[in-house]
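Colleague: Hi, I'm new to this one. Could you walk me through it?

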Amino acid sequence: MDIVDDKNGGTIPPNTLVTYTVTFNEEIDPTTVTSADFDNNPESGYSTITIGAIAQIGPSIFTVEVTPTTVGTLQLRIPTTADIRDVAGNILDSITEPVLDDTIILVKEPYNIWTAGGAFGADANGDGIANGLAWLLGAYDVNEDATSLLPVTEENSGALKLTFITLDSNARGAASVKVQYSKDLGVGDIWANHETEVPDVTSNVNGIDFVIDAAAIGGGYIVVEATIPASAASPGTKLFARVYGSSAPSP
């Protein structure tokens, strides 16, 4: 028997579909191959997983779709408790020992894959933009000068609009990207008192009008126009805004 994943034992973020090819040494009754016959090897795998579609693609070959939903590691296993039978109804002798994928997949938060170890709040290249925010705004790596990726601002009759590119909610994993505003640059009117997570679709959230274009770039990026109404400056006339990235958990 043989289990092979389509990631070559690489590193992936949570919620990435992994397709396994499972090859048995004899013809199998497909009705006996179910999700209950597979798990994440407890000796080397500690990501929580969901098992999706199982399909027979040959008399002795099946594909199994598995999605890790938490960080950790993944090594698909057929445990000894599996009840898989051949076409004659005989339980497979080869499952007297657990059968394992030939590689172990690392499951890490997207930011931790991108940075390869740099702290979310650090500024690796000294461009004045934290690593995490640079990643959220689309920087290629920690060494890229991300100043050109900062939001473009526009004032219109007192309303303040920010236009920028960022990762969508799936691509940014457990990290957050928010629009914040303040009347005095956060001195007395605290930034965090007026913050809203960037949505994936056009909507009005907490009084901020978000126009989202998910098709313009693709690859997990969205183009965002966030308009803060002039009324947010009341009773004054000054209004400041910024994009803020908050940290993902450690791997």
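Modeller: Happy to! Let's start with a charged pair: Arg 172 and Glu 197 have side chains that meet in a salt bridge, 3.1 Å from N to O. A salt bridge here is a side-chain nitrogen of Lys or Arg within 4 Å of a carboxyl oxygen of Asp or Glu.

Colleague: Which parts of the chain does the Arg 172 and Glu 197 pair tie together?

Modeller: Arg 172 lies in helix α3 (residues 169-172) and Glu 197 in strand β14 (residues 195-197), so the pair ties together parts that are 25 residues apart in sequence. Helices (H or I, at least four residues) and strands (E, at least two) are DSSP runs, numbered from the N terminus.

Colleague: Before we go on, what sort of model is this?

Modeller: This is a predicted model, where local features need pLDDT of at least 70 and side-chain atom pairs count only at pLDDT 80 or more, while totals for chains, interfaces and linings use all residues. Residues are numbered from 1 along each chain as its sequence is written, and side-chain values use heavy atoms, with hydrogens and water left out.

Colleague: Thanks. Is Arg 172 buried or exposed?

Modeller: Arg 172 is buried, with a relative accessible area of 2%, whereas Glu 197 is partly exposed at 30%. Buried means under 20% relative accessible area, exposed means over 50%, and partly exposed is in between (1.4 Å probe, protein chains only).

Colleague: How many salt bridges are there in the whole structure?

Modeller: A search of the whole structure gives 6. One of them joins Asp 39 to Arg 77, with the closest N and O atoms 2.7 Å apart. That pair links distant parts of the chain, since Asp 39 is in strand β4 (residues 39-40) and Arg 77 is in strand β8 (residues 76-78), 38 residues apart.

Colleague: And how accessible are Asp 39 and Arg 77?

Modeller: Asp 39 is partly exposed, with a relative accessible area of 21%. Arg 77 is buried, at 15%.

Colleague: Where do Tyr 111 and Trp 114 sit relative to each other along the helix?

Modeller: They are 3 residues apart in helix α1 (residues 110-115), so about one helical turn separates Tyr 111 from Trp 114. Tyr 111 also pairs with Trp 135, edge-to-face, at 5.5 Å centre to centre and 65° between the planes. Trp 135 is in helix α2 (residues 131-136) and Tyr 111 in helix α1, so this pair ties together parts 24 residues apart in sequence.

Colleague: Are Tyr 111 and Trp 135 buried or exposed?

Modeller: Tyr 111 is buried, with a relative accessible area of 2%, and Trp 135 is buried too, at 5%.

Colleague: Which residues do the ring pairs link into a cluster?

Modeller: Tyr 111, Trp 114, Phe 120 and Trp 135.

Colleague: Last one: what is Ser 246 in contact with?

Modeller: Leaving aside neighbours within four places in sequence, Ser 246 is in contact (heavy atoms within 4.5 Å) with Phe 120, Ala 175 and Ser 176. Ser 246 is found in strand β18 (residues 240-246) and counts as buried at 17% relative accessibility.

Terms used:
Rings of Phe, Tyr and Trp (its six-membered ring) pair if their centres lie within 6.5 Å; planes under 30 degrees apart count as stacked, over 60 as edge-to-face and the rest as tilted.
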